Amino acid sequence: MSSSSSSFKPNPLSLSVPDPALDRWLRDSGYLDILDSSASASASASTSSSPSATTTTAAASSTSTLINPTSAVAAVLAFARTLASVLALNPFSRLSTTDLAAPTPSWSLAFLGPPGAASYSWPPTSTQARLRVQENVRRYARNYAALSILVFACCLYRMPMALLGMLVILIVWESVRYCRERWGLATRAPGVGQFLLHSAQIATAVLVYVCSLQFALVYAIGLSYAVMMLHASFRKLTPSSLPDPGNRNRRLQPKRS
């Protein structure tokens with residue numbers, strides 16, 4: 001209790017500017033939406049205060065029509081740092097089987113956000129960008145998986161040869177499975193079963209190459225990853241009851257009778 005009392009002094013202004021100890025407590029307790037909103041508020045306050053200071057300086061130096069090159073370079077560097085941190089981040093580092101087994105969030109209210117609400121914004125710092133990506137990937141993992149399947153289906157629709165190759169591959173493997181189970185090749189004639197299995201593998205490789213199915217897979221994976229990263233970076237964090245398996249402190253949800 002001594003460490004907590006020294007970290008959180010009875011200062012009424014301590015909540016407006018959280019210290020690192022409060023940030024760690026909020027992160028460990030699952031109140032990530034408070035961290036997100038506080039970071040956005042501080043960034044908007046700094047950006048709103050900078051134009052007034054720039055205007056005063058410009059009026060004094062009679063260069064009011066020119067943009068301050070220092071602030072422009074700083075903004076470009078901040079944007080580049082945030083973008084680089086998002087591109088270098090592994091969005092699946094905190095994903096677990098519990099997240100995949102959780103119910104699918106609502107597409108209209110949770111995934112896209114309530115109508116009329118400011119649910120999207122550019123993360124002002126690289127730390128906030130990483131926080132959003134990792135948490136949103138955990139929350140909307142099933143939504144992103146459904147979008148990936150939809151994107152792959154659209155790619156197959158735009159590439160008829162790839163769609164035809166996909167159907168032939170499914171028919172080949174279904175035929176192999178039926179033959180192995182119908183005549184018991186796994187026990188009666190294991191050599192014949194292995195021959196059918198290797199033949200299906202060779203036929204799959206040939207069909208993937210001839211029908212350009214690999215291009216459809218690459219397009220689908222790349223487009224799905226881009227959509228996921230854009231949504232996870234811009235989507236603001238909201239209160240969620242999804243527990244974090246890496247943290248011991250969990251947000252307590254009230255029980256409904």
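Author: Gladly! Read along the sequence, the pattern is α-α-α-α-α-α-α-α-α-α-α, which comes to 11 helices and zero strands. Helices (H or I, at least four residues) and strands (E, at least two) are DSSP runs, numbered from the N terminus. This is a predicted model, where local features need pLDDT of at least 70, side-chain atom pairs count only at pLDDT 80 or more, and totals for chains, interfaces and linings use all residues. Residues are numbered from 1 along each chain as its sequence is written, and side-chain values use heavy atoms, with hydrogens and water left out.

Reader: Why is Cys211 called buried?

Author: Buried means under 20% relative accessible area, exposed over 50%, and partly exposed in between (1.4 Å probe, protein chains only). Cys211 has 7% relative accessibility, so it counts as buried. Cys211 sits in the loop between α10 (190-210) and α11.

Reader: What makes Met161 a contact of Cys211?

Author: Contact means heavy atoms within 4.5 Å. Leaving aside neighbours within four places in sequence, Cys211 is in contact with Met161, Ala162 and Gly165. The C-alpha atoms of Cys211 and Leu164 are separated by 7.6 Å, although these residues lie 47 residues apart along the chain.

Reader: What makes α7 mostly covered?

Author: In α7, 11 of the 14 residues are buried, among them Leu131, Val133 and Arg138. Across the protein chain, buried residues make up 26% of the 257 residues.

Reader: How do α8 and α11 cross, and what is the class make-up of their contact?

Author: Their axes come within 9 Å and cross at roughly 140°; axes are lines fitted to C-alpha atoms, for helices over the stretch in contact, with angles from 0 to 180 degrees between N-to-C directions. The crossing is right-handed. By class, the contact has 15 nonpolar, three polar and no charged residues. Here Ala, Val, Leu, Ile, Met, Phe, Trp, Tyr, Cys and Pro count as nonpolar, Asp, Glu, Lys and Arg as charged, and the others, Gly among them, as polar.

How values were computed: A crossing is left-handed if the near helix is turned anticlockwise from the far one by less than a right angle, and right-handed if clockwise.
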